[in-house]
Amino acid sequence: METKKHSSHANEPKRSFTVRQMEIDDLAEVYKLGEMSFKPDLWPMLYRSWDEYEVTTLFNTDGDYCLVAENDDETGDRIVGFVLGTVISKPGSAWSYGYIIWLCAHPGWQREGVASDLVDSLVEIMVEEDGIRIMMADTDPENQRAVRFFQKKGFTDEKPHLYLSTNLEHNDHYKELIIASREAALDAEYLKRIRKLAEDRSSSNLAKNKKKKATNSPQARRAPTKKKVAKKRDK
Ligand SMILES: CC(C)(COP(=O)(O)OP(=O)(O)OC[C@H]1O[C@@H](n2cnc3c(N)ncnc32)[C@H](O)[C@@H]1OP(=O)(O)O)[C@@H](O)C(=O)NCCC(=O)NCCS
């Protein structure tokens, strides 16, 4: 893709960034930026589903749709935003959908057009390379920043979506599974300890046997020890 330069608003200190394809060296920083932004107290669903595998998997499967915004200044944070997307195609259907899975602007770089430029570049790629006509994005309804952002970008066709979760430990349908898996883990730990004990025993027995063999060998029996020799002389 063509990299794009952007300058922040005229009334703010001049900062610029470049939107480009994500590279392997960016993975750790992208993961950390997401970890810092998708907070458990604010948006538990975002927090729960964000992990290293999310970044590496999307980089492998949808590398063309993984973009970062890089700070043009060499001081300060290098990666100041990212967008990770995918294209959903249905077999037998002429339509493909572009989907914004993750979007993030560094907390120190918000309201400077980072996310806006990232989304513009992603949409451009999807339209030009995949003929996308419909873009989708989702977020927690409480996440007003993101809701406002998407609305500003013209994502106004809203469909309510409910996230449901359950703690399996307190769920009558599934709590037996948790108990069984915990017991299995305990059994495995117990077996591991027993195996270790048996191993320790057998290696100490082996050492004892070796010693025994050495002292019972014909040479050992023939050659008196220094102590015995000394005693003989005393006599
Ligand atoms: C939502 C988010 C991506 C926006 O990034 P950003 O780079 O600050 O957004 P932009 O500067 O491109 O904003 C473009 C427009 O969106 C709207 N907007 C963005 N942040 C807003 C906010 N905090 N309050 C109100 N409107 C906001 C504004 O209309 C803004 O235009 P303006 O600055 O000219 O008024 C950013 O706040 C973020 O990373 N949040 C945490 C992660 C997250 O929630 N991701 C989305 C779900 S995966």
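These are my notebook entries on a predicted model, from the overall fold down to single residues.

**Ground rules**

I number residues from 1 along each chain as its sequence is written. Since this is a predicted model, local features need pLDDT of at least 70 and side-chain atom pairs count only at pLDDT 80 or more, while totals for chains, interfaces and linings use all residues.

**Overall layout**

I started with the secondary structure and found eight helices and six strands in the chain. Here helices (H or I, at least four residues) and strands (E, at least two) are DSSP runs, numbered from the N terminus. Read along the sequence, the order is β-β-α-α-α-β-β-β-α-β-α-α-α-α.

Next I looked up burial: 18% of the 235 residues count as buried. A residue is buried if 20 or more other C-beta atoms lie within 10 Å of its own, exposed if 12 or fewer, and partly exposed in between, with C-beta atoms placed from the backbone.

Then came contacts, meaning two residues whose C-beta atoms, placed from the backbone, lie within 7 Å. Of the contacts with a separation of 6 or more, 57% join residues 24 or more positions apart.

**Helices α1 and α3**

How do these two helices meet? The axes of α1 (residues 27-37) and α3 (residues 52-61) come within 9 Å and cross at roughly 135 degrees. Such axes are lines fitted to C-alpha atoms, for helices over the stretch in contact, and angles run from 0 to 180 degrees between N-to-C directions. The pair is therefore oblique, given that angles under 35 degrees count as roughly parallel, over 145 as roughly antiparallel, 65 to 115 as roughly perpendicular and the rest as oblique.

I noted the residues involved: Leu 27, Val 30 and Tyr 31 on α1 face Glu 52, Val 55, Thr 56 and Phe 59 on α3 in this contact.

**The largest nonpolar core**

I was glad to get to this one. A nonpolar core is a set of buried Ala, Val, Leu, Ile, Met, Phe, Trp, Tyr and Cys residues joined through C-beta atoms within 7 Å. The largest has 31 residues, and those touching the most other members are Leu 67, Phe 82, Val 83, Val 114, Leu 118 and Leu 122. At least two core residues come from each of β2 (16-21), α1, β3 (66-71), β4 (79-89), β5 (96-105), α4 (114-130) and α5 (144-152). Helix α4 gives the largest share, seven residues.

Gly 85 sits in strand β4. Why does Gly 85 count as buried? Because Gly 85 has 26 C-beta neighbours inside 10 Å. Its C-alpha lies 8.0 Å from that of Leu 58, 27 residues apart along the chain. Not counting residues up to four places away, Gly 85 touches several others, including Asp 62, Tyr 65 and Leu 122.

Cys 104 belongs to strand β5. Cys 104 is also buried, with 26 C-beta neighbours inside 10 Å. Leaving aside neighbours within four places in sequence, I found Cys 104 in contact with Leu 33, Gly 34, Ser 37, Gly 81 and Phe 82.

Most residues other than glycine have a negative phi. Arg 111 is not a glycine, yet its phi is positive at about 60 degrees. I located Arg 111 in the loop between β5 and α4. Arg 111 is partly exposed, with 13 other C-beta atoms within 10 Å.
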